[in-house]
Amino acid sequence: MRILCVINSLCCGGAENLLLDTCIALKESGDEVCVAYLYADEFFLPQFMAAGIRMKYLGFSEKGIAKGIISLSKFINEYKPQIVHTHLIQSDTYTRLVCLLKPRLRVFTTMHSLDKWKTENNPAYMLLRLYNRLTVNLFKKNRLIAVSESVKTFCSKYEKVKPDKIDVVYCFVRPNPQKNQLSVNKSDLGFKETDFVCLNVGRLVAEKSQITILQAANELKKKGISDIKFVFVGSGDLFAELRSYVKENALEEDVLFAMASSNVYSYMKMADVLLVSSVIEGFGLVIYEAFLNALPVISSKIEATSELIIDGVNGIFYPPEDFIKLSEAILSAKNGDFDLSAMSKEGLKDFEERDMGNYVNELRNIYKNSLK
């Protein structure tokens, strides 16, 4: 099959990482794959290029939206894909608009998250929801692919997309996707080897609620606990705000911002526990990455994470935004109140049940059925 994937950018994020792994797997299955991206954030570009994936930058950053859409339309005419698969809201919106005039194309849209704006009564948001609903429900060959059951329910409830137009295909992560990652040790980060290191991986944005982790760190400091450290791997709009909180509460010795990195698995192998603080999440791919690396998980209990974690079996739950409960869970994990080794083994077992082969087979079957 000839597949064109369209995404906002190649920045460091879960959707971009999933797209990279998916393109590699599709290429290994014998499909021809090309990725077109709108904006010039190219964090993952070297990995796509190294995998031999054809790339096309559409120049939205320089040209603006109108000329960018024209570039997208021209490239679709040039590439002549059988399947078009979009990721993230701008790509979804602009690509479906272009494809309204190309009725033969099959357009699939992966819904990665539970976007809060889809629940708000802002007129612009309401219009966009109506557009999304009509361009999926009324066009026979357009479909949504949800990364979890909670995302499917959300899309059906708030965007009024017909349930039979939504397929659920759970995400996956590729084992050892980057064989040459540099090792990371606690001492490299200025910590003692005996320190208990908590890791958070993800964009620094409101829905990830990293402020809850910092509040928990502050709570532990107030109790005189100095051997629990926190590492954030990621970048985003709230970096300055989070860093200010660290300075205001004198947490510099306990908190490290490592920024975005392609070396995530090495951080996971160094850490003692992964912290997931999200208040909104489509799937929680980072939890699977932790499972793969036998890293125990402490997570906020929301719909998406509840599809992956069984409290006390393969992870530990706490109520979203409750930094007191989070600080207690971290301290209990450090003090050995939980069998973290057993949880790691259960997590690895869950990871192995949802491998790359199953994901790609499901996705390719959906593509093939649309071509019949």
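User: Which residues does S299 touch, not counting residues up to four places away in sequence?

Analyst: This is a predicted model. Leaving out residues up to four places away in sequence, S299 touches V276, I287, T305, I309, I316, F317 and Y318. S299 itself lies in strand 12, which covers residues 297-300.

User: Is S299 buried or exposed?

Analyst: The cut-off for buried is under 20% relative accessible area. S299 has a relative accessibility of 0%, so it counts as buried. Across the protein chain, buried residues account for 54% of the 372 residues.

User: How many bridges join strand 9 and strand 10?

Analyst: Strand 9, residues 228-233, pairs with strand 10 in the parallel sense over three bridges. To find one in the structure, look at F230, whose bridge partner in strand 10 is V255.

User: What describes the packing of helix 8 and helix 13?

Analyst: Two packed helices are described by the angle between their axes and the distance between the axes. For helix 8 (residues 210-222) and helix 13 (residues 323-334), the angle is about 65° and the axes are 8 Å apart. The crossing of helix 8 past helix 13 is right-handed. Helix 8 contributes T212, I213, Q215, A216, E219 and L220 to the contact, and helix 13 contributes F323, I324, L326, S327, I330 and L331.

User: How many helices and strands does the protein chain have, and why is it described as compact?

Analyst: The protein chain has 15 helices and 13 strands. Its radius of gyration is 21 Å, close to the 21 Å from the globule rule for 372 residues, so the chain is as compact as a globular protein of that length. Along the principal axes, its C-alpha atoms fill a box of roughly 65 × 45 × 40 Å.

User: What share of contacts joins residues at least 24 apart?

Analyst: Counting contacts between residues at least 6 apart in sequence, 70% join residues at least 24 apart. As for the surface, the accessible area of the protein chain is about 16,400 Å², and 51% of it belongs to carbon and sulfur atoms.

Technical notes: Residues are numbered from 1 along each chain as its sequence is written. This is a predicted model: local features need pLDDT of at least 70, side-chain atom pairs count only at pLDDT 80 or more; totals for chains, interfaces and linings use all residues. Side-chain values use heavy atoms; hydrogens and water are left out. Two strands pair if DSSP finds at least two bridges between them. Helices (H or I, at least four residues) and strands (E, at least two) are DSSP runs, numbered from the N terminus. The radius of gyration is taken over C-alpha atoms; the globule rule is 2.2 Å times the number of residues to the power 0.38. Buried means under 20% relative accessible area, exposed over 50%, partly exposed in between (1.4 Å probe, protein chains only). Contact means heavy atoms within 4.5 Å. Accessible areas come from the Shrake-Rupley method with a 1.4 Å probe; for residues, only the protein chains shown count as cover. Axes are lines fitted to C-alpha atoms, for helices over the stretch in contact, and angles run from 0 to 180 degrees between N-to-C directions. A crossing is left-handed if the near helix is turned anticlockwise from the far one by less than a right angle, and right-handed if clockwise.
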